[in-house]
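User: Please take a close look at one part of this model and describe it in a connected account.

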Amino acid sequence: MRSAEQILAEADVIAVVGASRDPSKPSHTVPLQMLRHGWKIIPVNPFVDEVFGVKTVPTLADLAEAVDLVDIFRPSADAVEIVRQAVAIKAPAVWLQSGIVSAEARRIATEAGIDYVEDRCLAVERAVARLTKLT
């Protein structure tokens, strides 16, 4: 299993499940920061048409392209189903944001051979590792 830093360094396209239009929420500011540092962000939210100017898709199954990472901003209880969806689309890694933990989601990802990170923030890990996709 790759480390959190390796996952971020090797990812180019991140699907963010639960991305929010509300600029006061981490589910808006974290993916926006990743976007500003050069990652392609695809917001996954069935209730809005766009987040930070990027068109959303309602579910992972609706993605029109492969992703390198599925980032989850949903309650722990929702993580199991989202990880199942990530397995179905053959995502190589899933990441549960700070405060989100699920032993069952971890089991599903591990059994599917998917890299798994939980209870960690993408933006914090990016900053600590000084990662960017900008040239």
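Analyst: The residue that follows α5 is R130, whose phi is positive, near 55°. Helices here are DSSP runs of H or I with at least four residues, and strands are E runs of at least two, both numbered from the N terminus. The model is predicted, so local features need pLDDT of at least 70 and side-chain atom pairs count only at pLDDT 80 or more, while totals for chains, interfaces and linings use all residues. Residues are numbered from 1 along each chain as its sequence is written, and side-chain values use heavy atoms, with hydrogens and water left out.

Within α5, the residues L122, A123, E125 and R126 are buried (under 20% relative accessible area, exposed being over 50% and partly exposed in between, with a 1.4 Å probe and protein chains only). They lie on the same side of α5 because they cover an arc of only 165° around the axis, the arc being that of the directions from the helix axis to the C-beta atoms. The buried residues of α5 pack against α1 (4-10), β1 (13-17), α2 (26-36), β5 (69-72) and β6 (93-96).

R126 belongs to this helix, which spans residues 122-129. Leaving aside residues up to four places away in sequence, R126 touches L8, Q33, M34, H37, W39 and L131, contact meaning heavy atoms within 4.5 Å. Although buried, R126 has no salt bridge, and the nearest side chain of opposite charge, E125, is 11 Å away. A salt bridge requires a side-chain nitrogen of Lys or Arg within 4 Å of a carboxyl oxygen of Asp or Glu; Lys and Arg count as positive, Asp and Glu as negative, and His and the chain ends are not counted.
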